[in-house]
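Student: Hey, can you walk me through this one? I'd like to go over it bit by bit.
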Amino acid sequence: MEKTIEDPPTSAVLLDHCHFSQVIFNSVEKFYIPGGDVTCRYTFTQHFIPRQKDWIGIFRCSLNWTIQLLITPDTGSIWHQVGWKTVREYYTFMWVTLPIDLNNKSAKQQEVQFKAYYLPKDDEYYQFCYVDQDGVVRGASIPFQFRPENEEDILVVTTQGEVEEIEQHNKELCKENQVLKDSCVSLQKQNSDMQAELQKKQEELETLQSINKKLELKVKEQKDYWETELLQLKEQNQKMSSENEKMGIRVDQLQAQLSTQEKEMEKLVQGDQDKTEQLEHLKKENGHLFLSLTEQRKDQKKLEQTVEEMKQNETTAMKKQQELMDENFDLSRRLSEKKMICNALQREKERLEGENDLLKRENSRLLSYMGLDFNSLPYQVPTSDEGGAGQNPGLVYGNPYSGIQESSSPSQLSIKKCPICKADGICDHTLEQQQMQALCLNCPICDKIFPATEKQIFEDHVFCHSL
């Protein structure tokens with residue numbers, strides 16, 4: 001059986017599970033001339049899809065198929081009964097070329113060409129089979145031969161007498177066949193007995209062979225063990241020899257080191273004596289340094305005491321500075337309060353001067369309205385020379401709407417105590433009281449008080465006193 005460069009994918013799938021009708025082979029000849037290439041044409045059915053590893057092989061048919069072909073040749077049939085058992089029994093094969101577009105009608109018609117070199121050289125019957133990449137047969141052709149063109153199909157013609165002779169001959173052959181079957185049964189029985197005895201002998205032979213193998217393994221293991229021990233002893237001997245040589249070299253090195261160390265020891269002894277003398281000298285210097293250190297410690301204590309006193313003085317100074325800062329802050333606060341009071345008094349003075357001017361004009365209007373003379377009033381408004389100006393420097397003729405109590409000297413107001421905070425002089429409560437009085441109108445005759453919003457009533461009341 002010949003093969004191409006690469007073996008195709010095969011399997012041991014039974015032929016009963018194959019689908020021979022999915023690929024149909026067309027124009028298959030009854031025979032092909034040896035020495036020439038063979039073109040195999042085939043068609044894919046509607047539901048079959050080819051894959052990359054699909055292949056077409058040439059398989060040899062059995063004798064029964066050759067007789068059937070000679071009697072009933074049919075090139076249009078789909079052959080599926082073959083004379084081989086698995087797809088591994090191919091003679092040669094070719095890879096299938098995949099079509100570009102399976103939907104195209106022309107893509108369903110495909111062909112492969114087998115080279116003459118790989119084709120069979122005998123006159124047996126063969127057939128084409130399409131095998132997919134899973135090793136399953138998808139189609140098979142009718143059988144054909146490889147023989148020269150002048151050969152013709154053989155047709156056997158027989159008569160009735162010849163048929164009867166053949167039947168008689170077949171009966172005789174059946175009797176002989178029965179005799180042969182009986183003898184075959186006896187021979188089979190003898191064969192089974194011989195097989196049983198042979199089986200026993202084989203089992204004994206296998207037992208002996210296994211024992212022999214075990215002994216051989218033990219001998220081999222023992223031999224390997226001895227060889228291993230021998231090698232280990234040789235290696236140990238070599239190691240001991242090399243170590244002995246190394247020890248001799250080491251002894252020489254140690255002797256050289258010993259002589260060198262003796263010389264170094266002498267140098268160390270001499271250096272020890274020198275260091276002892278240096279140690280005595282250092283002890284003396286240490287004593288002098290200890291005395292100087294004691295004096296320095298005393299000086300350090302004095303300095304620490306001085307520093308402590310300076311810290312105490314600094315603390316006292318800090319406390320005094322803090323007290324002065326607090327006092328300064330208090331004075332600054334009081335000064336700002338005084339400034340605020342002064343500004344309030346200044347604004348009050350300006351307001352009262354404006355009111356004084358208004359009242360003067362109002363007083364003149366009323367007097368002219370009543371036809372009274374200023375000198376005919378039952379009281380005399382204090383002039384600036386008599387102290388009225390001292391009460392309110394901004395009023396030239398005094399306040400005609402204030403009573404006798406308002407005409408009192410400012411010295412009495414300044415020394416009067418506040419009834420709320422008991423403070424001497426002007427305070428916030430005094431200023432508030434003065435502002436309330438400024439918002440009221442006092443009758444100059446009967447001291448009746450009118451709100452500033454009832455100015456017309458106040459004028460009528462003053463006019464009634466003149467009637």
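Student: Is S27 buried or exposed?
Tutor: S27 is exposed, at a relative accessible area of 55%; exposed means over 50%, buried under 20% and partly exposed in between, with a 1.4 Å probe and protein chains only. Keep in mind that this is a predicted model, where local features need pLDDT of at least 70, side-chain atom pairs count only at pLDDT 80 or more, and totals for chains, interfaces and linings use all residues. Residues are numbered from 1 along each chain as its sequence is written, and side-chain values use heavy atoms, leaving out hydrogens and water.

Student: Where does S27 sit?
Tutor: In the loop between β1 (23-26) and β2 (31-32); strands here are DSSP E runs of at least two residues, helices H or I runs of at least four, numbered from the N terminus. S27 also has a positive phi of about 55°, though it is not a glycine. Most residues other than glycine have a negative phi.

Student: New topic: which residues form the nonpolar patch?
Tutor: L208, I211 and L215, with about 290 Å² of accessible area together. Areas are Shrake-Rupley, 1.4 Å probe.

Student: And how exposed is L215?
Tutor: L215 is partly exposed, at 49%, and is found in helix α2.

Student: Where is E167?
Tutor: E167 is in helix α2 (residues 160-370), and counts as partly exposed at 47% relative accessibility.

Conventions. Patches are made of residues with over 30% relative accessible area and no salt bridge: like charges are joined within 9 Å, nonpolar side chains (Val, Leu, Ile, Met, Phe, Trp, Tyr) within 5 Å. A salt bridge is a side-chain nitrogen of Lys or Arg within 4 Å of a carboxyl oxygen of Asp or Glu.
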